[in-house]
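Got your viewer open and a selection box ready? Let's take a walk through this one, from the whole chain down to a single residue.

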Amino acid sequence: FVMSKGHAAPALYAVLQHCGYIARSDLDRLRTLSSILQGHPDSRRCPGVEASTGSLGQGLSVAHGMALVLRASPEHPRVYALLGDGELQEGQIWEAAMSAAHYRSSNLCAIIDANGLQIDGRVEQIMRVDPIVKKFEAFGWHTLEIDGHDIAAILGALDEARSVTDKPTAIVARTTKGKGVSRFEDKVEWHGKAPNDDDLAFALHELG
């Protein structure tokens, strides 16, 4: 798994802690000086991180390189890359998409978190990337579009991706940034802003 949208690192760190790669106490030092948990995943510091990401647009290339190497493995491992829709504005994404289709890298699956927001504003106003599905189809990928908040839809899409044997798969997951907390939902200012104690209490209350 490659977290190409590296600024979503806290979600990755929570999983790494749950799986035993890092200690619970490490989470309290997120983005502090000398911490192993930087603002973007750092493979030199954080156990379990396979690739440093966060320079947006590079993760899909890294993931495809991994997929090419792993095709020779008898276990047929799969590689997943999580991208942001704003990240699709980077040209390297489309070079990687073209390359993966050319090599028929069916063990590669890209999941695009299409929430419509990036740090500078709405994606469609900064540089429109839709129609994402048709673009990946045009590049030779098997494509799916789902509700990114529907767990059953996510699992179904991943199952379908595993059944495709002649091309990579792109899952376009339509989401709402900050889903479930009215103070955060669909608000671009929370892209890089840390919640305070009051925001935390509010969010935990609304999430139940």
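**Before you click.** This is a predicted model, so to speak of local features pLDDT of at least 70 is needed, and side-chain atom pairs count only at pLDDT 80 or more, while totals for chains, interfaces and linings use all residues. Residues are numbered from 1 along each chain as its sequence is written, and side-chain values use heavy atoms, with hydrogens and water left out.

**Stop 1: everything.** Show the cartoon: you get eight helices and seven strands (DSSP runs numbered from the N terminus, with helices being H or I of at least four residues and strands E of at least two). The C-alpha atoms fill a box of roughly 50 × 35 × 30 Å along the principal axes. Buried residues are 40% of the 208; buried is under 20% relative accessible area, exposed over 50%, partly exposed in between, with a 1.4 Å probe and protein chains only.

**Stop 2: the largest nonpolar core.** Select Leu-60, Leu-88, Ile-112, Phe-136 and Trp-141, which touch the most other members of this 26-residue core. A nonpolar core here is a set of buried Ala, Val, Leu, Ile, Met, Phe, Trp, Tyr and Cys residues joined through side-chain atoms within 4.5 Å. Now colour the elements that each supply at least two of its residues, among them helix H3 (59–70), strand S3 (108–114) and helix H6 (132–138). H4 gives the largest share, six residues.

**Stop 3: around Leu-60.** Which residues is Leu-60 in contact with, leaving aside neighbours within four places in sequence? Its list includes Ser-4, Ala-81, Leu-83, Ile-93, Leu-108 and Trp-141, where contact means heavy atoms within 4.5 Å. For a separate second core, of 21 residues, pick Leu-37, Cys-46, Cys-109 and Ile-111, which are included in it.

**Stop 4: Val-123.** Jump to helix H5 (residues 123–127), where Val-123 sits. Is Val-123 buried or exposed? Its relative accessibility is 3%, so Val-123 counts as buried. Leaving aside neighbours within four places in sequence, its contacts include Asp-85, Gly-86, Gln-89, Leu-117 and Val-129. Finish with a distance label from Val-123 to Leu-88: they are 35 residues apart along the chain, with 9.7 Å between their C-alpha atoms.
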